[in-house]
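Please consult the sequence and the structure shown below while reading.

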Amino acid sequence: MAGSLQYWHRRRAQRRLPRVRNVPNPEKDPVSLSNIVAFKAGMTSLSYIDDSESPSKGMEVLRGCTILEVPKTEAYGIRLYSVDPTTKYLKCTAEIYNKAIANKIGIKEIKTDESKISKFKERLSDFKRIGVLLVAHADTISAEQNHPTKYESTVTGGNAEQRFDFAAQLVGKEVKPADVFKGGEFIDVVSVTKGKGWAGVIKRHGVRRLDHKATQKIRHIGALGAFTPGKIMYTVPRPGQLGFNYRTEHNKRILVLGAASDTEKVNIKSGIKNYGLVKSDYILIEGSVPGPAKRIVRLKKSVNNRNAAGIKEPKVNYIKAV
């Protein structure tokens, strides 16, 4: 959004894996993981029966959608948080690992393994948050990333005992997209946008070119501000980094949850442009997703209340292979 102060300041993202700051935790909802990681493959289009309240309700509509491939994902541990009595902030109290997967991804010093899970269940009242440690094996897809991506997914829904039991039975197992999301569900997408490097004020902020009689420069701004205060305000357009920023898009609808056995629906022989062939489970999300092909994307439960009225899986008639 050129020139907007809605996004400020426009710094480069520190890492490609964005972090999840806000996670809904309604106790009435079933227990589930809050987020998983996928990789952007490209865009295509599909047709489905419109089930919204728009004038095209009941008609077949064509929509653009983004293909996100989910690599093989395993749960290798549990992370437990409690409240620090001094700072009153949450801090990590314990980590429980699955030895086989942890050793495979390079974690050598394991103090607590699965055999001691029962001891922590006795102290369940001490823990305020439970997270499942996941690892995405990107070498199983066409993202050209050889190192595994380790991240944490907070357990949401239910009471404390239900969340702990859910996390305990998940350790050492593979996590599928269908275990976290449903077809037709509205989710939030967190990603890093395309990086465009250093840019001037015209491209970065949408500033108008100066008159051809302007002194010295044309593609600059006319003034940096008033004489007083004697400083440059943050609202003044300046050249700098354009793109490669963290962005969150809310309420993106899942149109298709595809399995690895159904990849022929989105693949052609030559593969998707700038990506390759989809080999694993995939998700089709309505609309666009920030970032280029092969960019890591984090899919998380929606913080808004769009799913409160119920989740309706769309009836998809046709998917265009790309």
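Contact here means that heavy atoms lie within 4.5 Å. The model is a predicted one, and its chain is divided into domain 1 (1-70 + 176-210 + 231-321) and domain 2 (72-175). By the contact criterion, 30 residues of domain 1 are in contact with 28 residues of domain 2. The C-alpha centres of domain 1 and domain 2 are 26 Å apart. The size of an interface is often given as the accessible area lost when the parts come together. For domain 1 and domain 2, the area buried between them is about 2,200 Å², with 57% of it on carbon and sulfur atoms.

**Helix 3**

Helix 3 spans residues 160-170, and its buried residues are Arg-163, Phe-164, Phe-166, Ala-167 and Leu-170. Viewed down the axis of helix 3, these buried residues fall within an arc of 160 degrees, and they therefore line one face of the helix. Their packing partners are strand 1 (32-33), strand 4 (72-83), helix 2 (117-121), strand 6 (129-137), strand 7 (149-156) and strand 8 (174-175). At the start of helix 3, a side-chain oxygen of Asn-159 comes to within 3.3 Å of the backbone nitrogen of Glu-161. Just after the helix, Gly-172 adopts a positive phi of about 90 degrees.

**Glu-152**

Strand 7, one of the elements against which the buried residues of helix 3 pack, contains Glu-152. The residues that Glu-152 touches, leaving aside those up to four places away in sequence, are Asn-35, Arg-79, Tyr-81, Gly-131, Val-132, Leu-133 and Arg-298. With Tyr-81, the side chain of Glu-152 makes a side-chain polar contact of 2.8 Å. Arg-79 is 73 residues from Glu-152 in sequence, while the two C-alpha atoms are 8.3 Å apart in space.

**Accessibility of Glu-152 and two cysteines**

The relative accessible areas of Glu-152, Cys-65 and Cys-92 are set out below.

| Residue | Relative accessible area | State |
|---|---|---|
| Glu-152 | 17% | buried |
| Cys-65 | 0% | buried |
| Cys-92 | 37% | partly exposed |

Glu-152 counts as buried because its relative accessible area of 17% is under the 20% cut-off.

How many disulfides does the model contain? A disulfide is a covalent bond between the sulfur atoms of two cysteines. With a pair of cysteine sulfur atoms required to lie within 2.5 Å, the count comes to zero disulfides.

Notes:
Residues numbered from 1 in each chain as written. Predicted model: local features only at pLDDT ≥ 70, side-chain atom pairs only at ≥ 80, totals over all residues. Heavy atoms only, no water. Buried < 20%, exposed > 50% of the residue type's maximum accessible area, 1.4 Å probe, protein only. Helix = DSSP H or I, 4+ residues; strand = E, 2+ residues; numbered from the N terminus. Arc of directions from axis to C-beta. Polar contact = N/O pair within 3.5 Å; in protein donor to acceptor, adjacent residues only side chain to side chain. Domains from an automatic or database assignment. Buried area = accessible area lost by both parts, 1.4 Å probe.
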